[in-house]
Amino acid sequence: MQLLLRKTHHRLIASLFPALALIVVAAIGGCARLPYTTKVVHEDPRLAVKLQHEIKPAAYTHPVHLTSQELRTILKGFSLREQKRLPLRWFAEEVPPVPIFREDELQVLTPQLADAFGKAGSEEHVYFELYASGINPEGAREVTAGWVAIREPFLYLSMLYFHVQYPTR
């Protein structure tokens with residue numbers, strides 16, 4: 001009887017070993033690496049601008065010297081539109097695009113972005129977070145965040161948060 005239990009125990013371990021090995025390999029090798037902050041260019045209660053190093057080689061054409069007004073003109077042209085799921089797209093009215101940045105946000109953001117582009121290296125992008133008081137200023141704030149980079153002749157803008165309400169407590 002003891003011999004039968006021991007064989008069954010060994011079979012169970014032998015059948016679970018490949019699955020456990022796969023889980024360990026996936027946990028070690030499957031972890032995604034994220035860009036990391038190399039320098040904080042500006043930080044106050046309304047705005048944070050940081051330089052983040054890319055994980056994969058990016059070959060951006062930084063440092064770039066742009067004026068605040070040039071950046072304002074470029075960023076003013078960006079807008080977003082909610083993407084509906086497929087069945088709803090067929091029947092729903094098309095929603096007009098919404099500008100990404102409000103005028104007050106551009107006023108705060110563009111001078112700091114211009115400064116950050118002058119300090120960024122070829123493997124760094126400029127990360128930003130804009131803060132505003134939320135629906136309930138006591139318990140939430142609104143966050144708009146993303147990153148920008150330039151690889152001649154293109155400016156890349158990636159939005160991570162678009163006027164998202166975050167609790168402050």
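Me: What does partly exposed mean here?
Reply: Buried means under 20% relative accessible area and exposed means over 50%, with partly exposed in between. Keep in mind that this is a predicted model.

Me: OK. Is Glu103 buried or partly exposed?
Reply: Glu103 has a relative accessible area of 40%, so it is partly exposed.

Me: Which side chain does Glu103 meet in a salt bridge?
Reply: That of Arg72, with N to O at 2.5 Å. The pair links distant parts of the chain. Arg72 sits in helix H2 (residues 68–76) and Glu103 in helix H4 (residues 103–119), 31 residues apart.

Me: And Arg72, buried or exposed?
Reply: Buried, because its relative accessible area is 15%.

Me: How many salt bridges are there?
Reply: The count comes to seven. One of them joins Lys119 and Asp115, whose closest N and O atoms are 3.2 Å apart.

Me: How far apart are Lys119 and Asp115 along helix H4?
Reply: Four residues, so about one helical turn separates them. Lys119 is partly exposed at 39% relative accessibility. Asp115 is partly exposed too, at 31%.

Me: Which residues are linked in a network of salt bridges?
Reply: Arg46, Arg102, Asp104, Glu105 and Glu142. Within it, Asp104 bridges to Arg102, with the closest N and O atoms 3.7 Å apart.

Me: New topic, strands. How do S6 and S7 pair?
Reply: In the antiparallel sense, over eleven bridges. S6 covers residues 140–151 and S7 covers residues 154–167. A hairpin of two residues joins them.

Me: What stands opposite Glu142?
Reply: Gln165, in S7. Glu142 also belongs to that salt-bridge network.

Definitions and conventions. Residues numbered from 1 in each chain as written. Predicted model: local features only at pLDDT ≥ 70, side-chain atom pairs only at ≥ 80, totals over all residues. Heavy atoms only, no water. Pairing = 2+ DSSP bridges. Salt bridge = Lys/Arg side-chain N within 4 Å of Asp/Glu carboxyl O. Buried < 20%, exposed > 50% of the residue type's maximum accessible area, 1.4 Å probe, protein only.
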